Each structure stands twice: as structure tokens, then as C-alpha cells.
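Dear colleague,

I am handing over the structure below, together with some notes on what was found in it. Please look through it first and then read on.

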Amino acid sequence: MIILVFIFVGLIVGYALRRANILKKVNQTMPLTICVMLFTLGITVGNNSELLGNIGNYGWQALVLSIAGLAGSILFTIVVSSLFFKNAKDEKGGSNE
């Protein structure tokens, strides 16, 4: 629940500051921030001996969840783009009628 509160507060602050110049600098540092977060996650997982001991069980579950999430994201993207961006494709492609 705390994570959702942080996300919601971040959305509100981001919306309020959407025209501020400081956000351009934040957007430039975002890839570095994500890499640091992933590195920290890797350290945390590496220190968890129980998780590493059961990696065989968790590995298959993680693989299935990853593939299902990826397939769902691709399907959702196709559906949303065909529903909401159909006119944009027609305008860009132009018709020779």
C-alpha cells in the first residue's frame, strides 16, 4: 500500500511540475537511476540465501510469469494502438483514393 501511495503522490507532483525545467534534468538521469536500482536489487537477491537455495523452483515460476507478462503487454499494446491510434496511422500513411 505504501508503494501505491508513493506512486500516486509522484503522479500528482509530476503533473503539478510538468512545465518546470527541473524535470528535464530528471528525465536525463532516469536511466542511471534505474541501473542503480537494478544493481541494488541484484545485491539484495544475492544476499538472500533462502532465495538462492530455491532458485530452481523460483526460476521456472519467474520464467512463466515473465513470458505471460510480456505476451500480455504485447497483446494490450496491439489492442490499444488499433483502437486509439487507428486514425493517426491512416493520416500518416495517406490514402491514394
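**Confidence and helices**

Among the elements of the protein, helix α5 (residues 86–93) has the lowest mean pLDDT, at 63, while α1 has the highest, at 91. Please keep in mind that this is a predicted model, and that where pLDDT is low, the predicted coordinates should not be read in detail. For the protein as a whole, pLDDT averages 85, and 89% of the residues score at least 70.

The protein contains five helices and zero strands, so that from the N terminus on the elements run α-α-α-α-α.

Helix α1 covers residues 2–16, and its 15 residues should span 21 Å at 1.5 Å a residue, which agrees with the 21 Å between its end C-alpha atoms. The number of buried residues among these 15 is zero, so α1 lies largely in the open.

Helix α2, which takes in residues 22–47, should span 38 Å with its 26 residues at 1.5 Å a residue, and the 36 Å between its end C-alpha atoms agrees with this.

How much of the protein counts as buried? Of its 97 residues, 0% do, and the protein exposes about 9200 Å², of which carbon and sulfur atoms supply 71%.

As for the side chains, the structure holds zero aromatic pairs, although Arg18 does lie over the face of Tyr15, at 4.0 Å from the ring centre.

With best regards

How values were computed:
Residues are numbered from 1 along each chain as its sequence is written. This is a predicted model: local features need pLDDT of at least 70, side-chain atom pairs count only at pLDDT 80 or more; totals for chains, interfaces and linings use all residues. Side-chain values use heavy atoms; hydrogens and water are left out. Rings of Phe, Tyr and Trp (its six-membered ring) pair if their centres lie within 6.5 Å; planes under 30 degrees apart count as stacked, over 60 as edge-to-face and the rest as tilted. A charge sits over a ring if NZ of Lys or CZ of Arg is within 6 Å of the ring centre and within 35 degrees of the ring normal. Helices (H or I, at least four residues) and strands (E, at least two) are DSSP runs, numbered from the N terminus. The expected span of a helix is 1.5 Å times one less than its number of residues. Buried means under 20% relative accessible area, exposed over 50%, partly exposed in between (1.4 Å probe, protein chains only). pLDDT is the predictor's confidence in each residue, from 0 to 100. Accessible areas come from the Shrake-Rupley method with a 1.4 Å probe; for residues, only the protein chains shown count as cover.
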